[in-house]
Amino acid sequence: MNLKIKNHYNVDFFNNFSLTLKYDSIASSFGFDLYFDPNDHDAREMFQVGHYHIASVEHNGELLVRGFILNHKFKVSSKKELSNISGYSLAGVLGDCQIPTSLYPLQSDGLTLIEIAQKLCAPFKIDIVVDEAVRAKVNSVYDTSTADEGQTVGGYLSSLASQKNVILSHYPDGRLVFTEAKTKQAPFYHFSGSMPSVEMELNFNGQNMHSIITLQKQASMDGGNAGESSIVNPFVPYVFRPSVKTQSSGTDDDTQEAVKNALSEELKNITLSITVPTWELNGNLIKPNRIITVISPDLYLYKITRWFVEEVTFSGNEKQQKAVLKCVLPEVYNGETPDYIFQSKFNKGH
């Protein structure tokens, strides 16, 4: 990994570092442990506290993250101590800041998602990209939409996008992007339970799952229609655990898309974590928005199952390196209803 600050200051020597690339997020994050020389003029400038310098993290010449240095940690003792700097992608500022009062009122009428996003992102100088696959969705008009007081810009835009089953993500250069996941692609790697030096952990959080999810939209004051849509969660097949949610923005035509997203949010309670002692698989750097396949009876995965790589955390020092893949079912991102994956040949029913 290579760290460059203000496009010209290369940090050549550092010890521990961590880099997390995220798909379903407006920002990835990074952190480096390194020695700070208080007598070095360039170091004093580059590590100036509170200056929010822009840094770039690269691997073999490929840009992975461009963002702000947010945090500094300095330490002194009887021996020379490592300092730490950390930060996130340029668009991460949208997750920390509320809508500025200069853009009030908080209500938007008759605007599209892209129009709302451009309006809110302009003061932060964050550029926006629209994936062609979701262009029609982000150009459809909301009857009315109102941000909550205290809600961050990123949180508001993410909630609007989710109601149209659109993903709000970011590019390595810091631009915000409205997109959809590549869940139909061929898997780039296959994992099995017997692979040496590979750790896998599957988690199912049943408390946050419901048997049926219903989304309701009330009729708006300007004449917009009421709407209601329901969807069944295949991972809660034998007990009654209903959930009823309210659609806060959009038209009644968006309700079916929004209820799909509500199921997708519940499916995020099924996660697979994979730790590997390398940053590359099949000669390529591991990245989010990829498909893997897994079979491992010890994880109750008796059949080959497809998983979507949602997040990858790289870490390392002078002695070792590793990557941790956080995976979810592809249906979290494609709006489809998944099959029940925990069926074994020994257990056909409840």
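Where does Asn60 lie? The legends below, which describe a predicted model, begin with this residue.

**Figure 1. Asn60 in the loop between E5 and E6.**
Asn60 lies in the loop that runs between strands E5 and E6. Most residues other than glycine have a negative phi. Asn60 is not a glycine, yet its phi is positive, at about 50°. With a relative accessibility of 68%, Asn60 counts as exposed, because exposed means over 50%.

**Figure 2. Tyr300 in the loop between E21 and E22.**
A positive phi also occurs at Tyr300, where the value is about 65° although the residue is not a glycine. Tyr300 is placed in the loop between strand E21 (290-296) and strand E22 (301-316). Its relative accessible area is 33%, so Tyr300 is described as partly exposed.

**Figure 3. The cis peptide bond between Tyr104 and Pro105.**
Most peptide bonds are trans. The bond that joins Tyr104 and Pro105 is cis, with omega at about 10°. Pro105 is found in the loop between strand E7 (83-89) and strand E8.

**Figure 4. The surroundings of His53.**
His53 belongs to the loop between helix H1 (41-46) and strand E5 (54-59). Is His53 buried or exposed? With a relative accessible area of 11%, His53 is buried, because buried means under 20%. Neighbours within four places in sequence are left aside here; the contacts of His53 are then Ile5, Lys6, Glu45, Met46, Gln48, Gly67, Phe68 and Ile69.

**Figure 5. The open sheet E9-E12-E11.**
Three strands form this open sheet in the order E9-E12-E11, and their pairing is mixed. Strands E9 and E11 stand at the edges and have a single partner strand each, so one side of each is left without a neighbour in the sheet. From one strand to the next, the twist averages 25°. Strands of a sheet pair through backbone hydrogen bonds, either parallel or antiparallel. E9 and E12 are paired in the parallel sense over 3 bridges, and Ile128 has Leu176 in E12 as its bridge partner. E11 (residues 167-170) and E12 run antiparallel and are joined by 4 bridges. In this pairing, Ser169 has Val177 in E12 as its bridge partner, while Ile167 stands opposite Thr179 in E12.

**Figure 6. The hairpin of E11 and E12, and the side chains of E12.**
E11 and E12 form a hairpin, with 5 residues between the two strands. Within the turn, Gly174 has a positive phi of about 100°. Which residues of E12 point one way, and which the other? Leu176 and Phe178 point one way from the strand, whereas Val177 and Thr179 point the other way; all are buried.

**Figure 7. Helix H2 and its buried face.**
Helix H2 spans residues 113-121, and its buried residues are Leu113, Ile114, Ile116, Ala117, Leu120 and Cys121. Seen down the axis of H2, these buried residues fall within an arc of 160°, so they line one face of the helix. The elements that cover the buried residues of H2 include strands E8 (107-109), E9 (128-130) and E12 (176-179), together with helices H3 (135-138) and H4 (153-162). H2 lies across E9 and E12, and runs at about 165° to E9.

Strand E15 (residues 212-217) pairs with E16 in the antiparallel sense over 6 bridges; the bridge partner of Lys217 in E16 is Gly227.

**Figure 8. The largest pocket and its lining.**
Rolling a probe the size of a water molecule over the atoms shows where empty space is left. The largest pocket has a volume of about 480 Å³. Its lining comprises 20 residues, of which Tyr23, His170, Tyr171, Pro172 and Asn289 lie nearest the centre of the pocket. Strand E3 (17-22), strand E6 (62-73), E11 and E12 each supply at least two residues of this lining. Which strand provides the largest share? The largest share, 3 residues, comes from E6.

Methods. Residues numbered from 1 in each chain as written. Predicted model: local features only at pLDDT ≥ 70, side-chain atom pairs only at ≥ 80, totals over all residues. Heavy atoms only, no water. Buried < 20%, exposed > 50% of the residue type's maximum accessible area, 1.4 Å probe, protein only. Arc of directions from axis to C-beta. Contact = heavy atoms within 4.5 Å. Pairing = 2+ DSSP bridges. Axes fitted to C-alpha atoms, helices over the stretch in contact; angles between N-to-C directions. 1 Å grid on protein atoms, 1.4 Å probe; cavity = no way out; pocket = protein on both sides within 12 Å on 5 of 7 lines; lining within 4 Å. Points joined across faces, edges and corners; volume = space filled by probe spheres on them.
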